[in-house]
Amino acid sequence: MDLRVLPMVYDSTGCRRRTFESGVELLSEEPFGDWPVRGPRCLAWGLRFMKEHGGTPTGWHQKWRSDVKLAATDGGVEFHETACRLLETGACYDQLNLGNLSMAEGLMREIMRIEERWKDRALGAG
């Protein structure tokens, strides 16, 4: 069994499709001795946060960008959107167990780094 892949599910039309909520619920993090990312893992926490506050990663991106009043051309916003879209595609279409993918951990850390960059504006928006 490959710990990086979730069981495949299909919608009523026969297309492979998993809800983001299901992907987050099934997420696991196995301890790999050769895990290439240093420090504690943050992906599971980040995906749960996105689910609770935006429904999906792309929903979270739209909410975050609106709340912080950022233009698409502001620093990091385009990458933030791309990274969110990739995480959502990985969970919903590819049906990957993102918790066991170092690239997904890296994407989440970059998303968090971008949000940290704009946190002062975000705090002022609330």
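Please keep in mind that the model is a predicted one. Its largest pocket has a volume of about 200 Å³, and one cavity of 30 Å³ or more is also present. Seven salt bridges are found in the structure, and three of them are described below with their partners.

**The largest pocket**

- The pocket, at about 200 Å³, has a lining made up of Phe 49, His 53, Trp 60, Lys 63, Trp 64, Asp 67, Val 68, Met 112, Glu 115, Glu 116, Lys 119 and Ala 122.
- The top contributor is helix 3, which supplies five residues.
- Sorted by class, the pocket lining has six nonpolar, one polar and five charged residues.

**A salt bridge in the pocket lining**

- Lys 63 and Asp 67 are both among the lining residues of the largest pocket, and their side chains form a salt bridge with an N to O distance of 2.6 Å.
- Both residues belong to helix 3, where they sit four residues apart, about one turn of the helix.
- Asp 67 is partly exposed, with a relative accessible area of 35%, and Lys 63 is also classed as partly exposed, at 35%.

**The largest cavity**

- About 30 Å³ of space lies in the largest cavity.
- Around this space are Leu 6, Gly 23, Val 24, Leu 27, Leu 47, Ala 91, Leu 96 and Leu 98.
- The cavity lining counts seven nonpolar residues and one polar residue, with no charged ones.

- Asp 94 pairs with Arg 16 in a salt bridge, and their closest N and O atoms are 3.7 Å apart.
- Asp 94 is in the loop between helix 4 and helix 5, while Arg 16 is in the segment before helix 1 (20-26), so this pair ties together parts that lie 78 residues apart in sequence.
- Both partners are partly exposed: Asp 94 has a relative accessible area of 30%, and Arg 16 comes in at 29%.
- Arg 109 and Glu 105 make another salt bridge, with 3.0 Å between the closest N and O atoms.
- This pair lies within helix 5, its members four residues apart, about one turn of the helix.
- Arg 109 is partly exposed at 21% relative accessibility, whereas Glu 105 is buried at 2%; the cut-off for buried is under 20%.

- Glu 88, a residue of helix 4 (residues 77-92), is buried yet has no salt bridge.
- For Glu 88, the nearest side chain of opposite charge is that of Arg 17, 5.0 Å away; a salt bridge would need the nitrogen within 4 Å of a carboxyl oxygen.
- What Glu 88 does have is a polar contact, side chain to side chain, with Thr 58 at 2.6 Å.
- Asn 97 is located in the loop between helix 4 and helix 5 and counts as buried, because its relative accessibility is 5%.
- From there, the side chain of Asn 97 reaches the backbone oxygen of Leu 3 at 3.2 Å.

Definitions and conventions. Residues numbered from 1 in each chain as written. Predicted model: local features only at pLDDT ≥ 70, side-chain atom pairs only at ≥ 80, totals over all residues. Heavy atoms only, no water. 1 Å grid on protein atoms, 1.4 Å probe; cavity = no way out; pocket = protein on both sides within 12 Å on 5 of 7 lines; lining within 4 Å. Points joined across faces, edges and corners; volume = space filled by probe spheres on them. Nonpolar A, V, L, I, M, F, W, Y, C, P; charged D, E, K, R; others polar. Helix = DSSP H or I, 4+ residues; strand = E, 2+ residues; numbered from the N terminus. Buried < 20%, exposed > 50% of the residue type's maximum accessible area, 1.4 Å probe, protein only. Lys, Arg positive; Asp, Glu negative; His and termini not counted. Polar contact = N/O pair within 3.5 Å; in protein donor to acceptor, adjacent residues only side chain to side chain.
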